[in-house]
Structure formats: structure tokens, C-alpha cells
Amino acid sequence: MAAFVKAVNAKIRANPVLNYVCSTHFWGPVSNFGIPLAAIMDTQKSPELISGQMTAALCVYSCTFARYALAITPKNYLLFACHVVNGGAQFTQGYRYLNYNYWGGKEKLAAAKAAQKDTVAPPKLEEVKA
């Protein structure tokens, strides 16, 4: 059995594409893509849920490790892309946080909710017939 596993492993490692797919240079960034995907999905949520401190920490993290992905040998472009996407999403969240908390977004949202509340609902069909 060990000889069979050794032969299969040698066959996989002989192919450069399969060798890359079976390495941590591929699976590390793929599993790390959960962070930017979550950040992208969070851009659809209310800005009052954004943590400024966490967003700032993730911006620093993304920039630091995007640089690290290019500093190692061999360069890990998939990891670099992951951190660039995460950085873009986190900087977007940071802008939304600042806009909501410091640049008048909270007041605009409250005014929009009040205006929506004040609008009269259209009459129901039963009320029109009576």
C-alpha cells in the first residue's frame, strides 16, 4: 500500500499544475478568501454594524500580508490577490464607517427613515370599494 501511495504522489508531483494545486501555496490563499468574501457581503449591511477598530486592523493586515506574499520565494500571486481584494473591501468598509459616524451619514439615514415613515400607504382595495 505504501508503494502505491508513493507512486501516486510521484505521479502528482511530476505534473506542475497538480503539484501546485496540492501545495500550501494554493490551498492557503483559497481558504483565506473567506475573509474578503465576508467583507464584500458585509458591504450590503447597515453601516451602523461596522466596527471601526476591526476594519482598521484588517486594513493593516491586508496591506502587510499583500507585501509579504510578494516578498517570499516563490512569489505567491494568489495570496497577493486575496489580500488586495480584502484590502479593497476593508477600505470600502472603512469609508462607510467614517461616512456614517463622522460625515453625516447617520443623520441622513435617520432622515430617510423618518421620511419613509411619514409617507401615506396606498389605500387597500377593500377601502376603495366601500
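Where does K106 lie? K106 sits in helix 7, a stretch that covers residues 105-118. Keep in mind that this is a predicted model, and everything below is read from that prediction.

K106 has a relative accessibility of 41%, so it counts as partly exposed. Leaving out residues up to four places away in sequence, K106 touches Y100 and N101. Those two residues also turn up in the contact between helices 6 and 7, which is made by N99, Y100 and N101 on the helix 6 side and by G105, K106 and L109 on the helix 7 side. Sorted by class, the residues of this contact are 2 nonpolar, 3 polar and 1 charged.

How do the two helices sit against each other? Their axes come within 5 Å and cross at roughly 70°. Angles from 65 to 115 degrees count as roughly perpendicular, and helix 6 and helix 7 are therefore roughly perpendicular to each other.

For a sense of span, take K106 and F4: they are 102 residues apart in sequence, and their C-alpha atoms are 64 Å apart in space.

**Helix 3 against helix 6**

Helix 6 runs over residues 77-101 and also packs with helix 3, residues 24-32. Here the angle is about 10° and the axes are 8 Å apart. Since angles under 35 degrees count as roughly parallel, that makes helix 3 roughly parallel to helix 6. The crossing of helix 3 past helix 6 is left-handed.

Who makes the contact? From helix 3 come H25, F26, P29, V30 and N32, and from helix 6 come L78, L79, C82 and H83. The contact of helix 3 with helix 6 has 6 nonpolar and 3 polar residues, with no charged ones.

**Q90 and A39**

Q90 belongs to helix 6, while A39 belongs to helix 4, residues 34-42. Are these two buried or exposed? Q90 has a relative accessible area of 5%, so it is buried. A39 is buried as well, with a relative accessible area of 5%. The cut-off behind both calls is under 20%.

Along the chain, A39 and Q90 are 51 residues apart, yet their C-alpha atoms are separated by 6.6 Å. Setting aside neighbours within four places in sequence, Q90 is in contact with A39, T55, L58 and C59. With residues up to four places away left out, A39 touches N86, A89, Q90 and Q93.

How many aromatic pairs does the model have? The count comes to 5. Two of the pairs share F65, and Y61, F65 and Y68 form one aromatic cluster. The geometry of those two looks like this:

| Pair | Centre to centre | Angle between planes | Arrangement |
|---|---|---|---|
| Y61 and F65 | 5.2 Å | 50° | tilted |
| F65 and Y68 | 6.0 Å | 75° | edge-to-face |

The labels follow from the plane angles: over 60 degrees counts as edge-to-face, so F65 and Y68 get that name.

The sequence spacing goes with the helix. Y61 and F65 are 4 residues apart in helix 5 (residues 52-71), so about one helical turn separates them. F65 and Y68 are 3 residues apart in helix 5, which again means a separation of about one helical turn.

What about solvent? Y61 counts as partly exposed because its relative accessibility is 26%. F65, at 35% relative accessibility, counts as partly exposed too. Y68 has a relative accessible area of 43% and is likewise partly exposed.

One more thing to check in the loop between helix 5 and helix 6, which is where P74 is placed. Which form does the peptide bond from T73 to P74 take, cis or trans? The bond is cis, with omega near -5°.

The aromatic cluster of Y61, F65 and Y68 and the cis bond from T73 to P74 round out the picture.

Methods: Residues are numbered from 1 along each chain as its sequence is written. This is a predicted model: local features need pLDDT of at least 70, side-chain atom pairs count only at pLDDT 80 or more; totals for chains, interfaces and linings use all residues. Side-chain values use heavy atoms; hydrogens and water are left out. Axes are lines fitted to C-alpha atoms, for helices over the stretch in contact, and angles run from 0 to 180 degrees between N-to-C directions. Angles under 35 degrees count as roughly parallel, over 145 as roughly antiparallel, 65 to 115 as roughly perpendicular and the rest as oblique. A crossing is left-handed if the near helix is turned anticlockwise from the far one by less than a right angle, and right-handed if clockwise. Contact means heavy atoms within 4.5 Å. Ala, Val, Leu, Ile, Met, Phe, Trp, Tyr, Cys and Pro count as nonpolar, Asp, Glu, Lys and Arg as charged, and the others, Gly among them, as polar. Rings of Phe, Tyr and Trp (its six-membered ring) pair if their centres lie within 6.5 Å; planes under 30 degrees apart count as stacked, over 60 as edge-to-face and the rest as tilted. Buried means under 20% relative accessible area, exposed over 50%, partly exposed in between (1.4 Å probe, protein chains only).
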